[in-house]
Amino acid sequence: MGRTDPSQIDRFLAGVERRALVTAELWTRDREEALDLVQDVMTAFVSRYAARPEAEWGPLFQRVLHNRLTDWHRREKVRRRWRQWLGRPVDEDDEADPVQQAADPAGITPELAVALGASMEALLAALGALPARQRQAVVLRIWEGCDVAATAAAMGCSDGSVKTHLSRGLAKLREVLEEHR
Amino acid sequence: MNSGEEPLQERIRQALDARVEGLDGATRARLAQARGRALTGRHSLRDRLAWRPGALPLAAAATLAALAVTVLLVMPQSHDPAPALYVVDAAILDLADADADADLDLELVGELDFYDWLALAEIEDDPS
């Protein structure tokens, strides 16, 4: 890791790992898979970017995480094709990610659901059910507070695409919130 | 974004923050372990294969890995890794057919993470 102080990067990763896990679970809906994914992200980040200036770590970590999520999403599409080939029906017509439309999101314990309230739980479920690109834009812009340029870099798309994905994602989430007033 | 979006955005932040706070101790401990492995570089190829019960024999995994890299090198460069993944998928099925006695864990085969990682390593976007 060159001249980087290991304790610095340890502190950085300790500060982002829980949020990374929650983000990953929005995709995988499975804690074990999300943990594996976060492990991969942290390993890749340390091996590639630990020697970069600390000020760059945040955006770089988000890029690695969201590249990995995009890869995961692509592989899920391949797996769905494989399952389809094996004769298991898959709904390809729905615009939203069908992987995300199953049961409740991972991590919503009964206690947490009560604490959050029905509307929050519905909001998290809806966030998990958004098309992947919209979900990415919402997570990065709204939750992580990334500006448009950093979000575009993490998503590997244009600034305009970020705004479009965000607008559409928020519109869908607004509908959900309205239903639970 | 206009000011009318603020309540929605705040609800989104609150919901996700609550989920972070709701992570149990066991999960937090596992994250810490994962961080430790990342920092020490102990999340190696051998580690990922070794802990999976009924894991594909190492020689077969190495063969598949070589095939995945070969496919990448000979196929036209594309931003869509799907064609390479289909070839690797087919290779995995062929491997199962060729050796019925192979200790091939179909659950592992269904989880393409590791083989896809190898196949995509060359074409994965480099943010820098």
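Colleague: What makes A:His66 count as buried?

Modeller: First, a word on the ground rules. This is a predicted model, where local features need pLDDT of at least 70, side-chain atom pairs count only at pLDDT 80 or more, and totals for chains, interfaces and linings use all residues. Residues are numbered from 1 along each chain as its sequence is written, chains are lettered from A and ligands numbered from 1 in the order in which they are written, and side-chain values use heavy atoms, with hydrogens and water left out. Now to your residue. Buried means under 20% relative accessible area, exposed over 50%, and partly exposed in between, with a 1.4 Å probe and protein chains only. A:His66 has a relative accessible area of 0%, so it is buried.

Colleague: Where does A:His66 lie, and what is A:His66 in contact with?

Modeller: A:His66 lies in helix 3 (residues 57-85) of chain A. A helix here is a DSSP run of H or I with at least four residues, a strand is a run of E with at least two, and both are numbered from the N terminus. Contact means heavy atoms within 4.5 Å. Leaving aside neighbours within four places in sequence, A:His66 is in contact with A:Thr23, A:Trp27, A:Gln136, A:Val139, A:Leu140 and A:Ala154.

Colleague: Why is A:Ala137 called buried?

Modeller: The relative accessible area of A:Ala137 is 0%, so the label is buried. A:Ala137 sits in helix 6 (residues 132-143) of chain A. Not counting residues up to four places away in sequence, A:Ala137 touches A:Ile142, A:Thr151, A:Met155, A:Val162, A:His165 and A:Leu166.

Colleague: What caps the N-terminal end of helix 7 of chain A?

Modeller: A:Asp147 does, with a side-chain oxygen 3.2 Å from the backbone nitrogen of A:Ala149. After helix 7 of chain A comes A:Gly156, whose phi is positive, near 70°.

Colleague: Why is the pair of A:Phe45 and A:Phe61 called edge-to-face?

Modeller: Rings of Phe, Tyr and Trp (its six-membered ring) pair if their centres lie within 6.5 Å; planes under 30 degrees apart count as stacked, over 60 as edge-to-face and the rest as tilted. By this rule there are five aromatic pairs over all chains. For A:Phe45 and A:Phe61 the centres are 5.6 Å apart and the planes are at 75°, so the pair is edge-to-face. A:Phe45 lies in helix 2 (residues 31-49) of chain A and A:Phe61 in helix 3 of chain A, so the pair ties together parts 16 residues apart in sequence. Both A:Phe45 and A:Phe61 are buried. Ring pairs also join A:Phe12, A:Phe45, A:Tyr49, A:Trp57 and A:Phe61 into a cluster.

Colleague: What makes A:Leu177 buried?

Modeller: A relative accessible area of 11% does. A:Leu177 is in helix 8 of chain A. Leaving aside neighbours within four places in sequence, its contacts are A:Ser119, A:Leu123, B:Leu8 and B:Arg11.

Colleague: Where is confidence lowest and where is it highest in chain B?

Modeller: pLDDT is the predictor's confidence in each residue, from 0 to 100. In chain B it is lowest in helix 5 (residues 82-98) of chain B, at a mean of 48, and highest in helix 2 (residues 25-40) of chain B, at 95. Chain B averages 63, and 28% of the residues score at least 70. Where pLDDT is low, the predicted coordinates should not be read in detail.

Notes:
A polar contact is a pair of N or O atoms within 3.5 Å; within protein, one must be able to donate a hydrogen and the other to accept it, and residues adjacent in sequence count only if both atoms are side-chain atoms.
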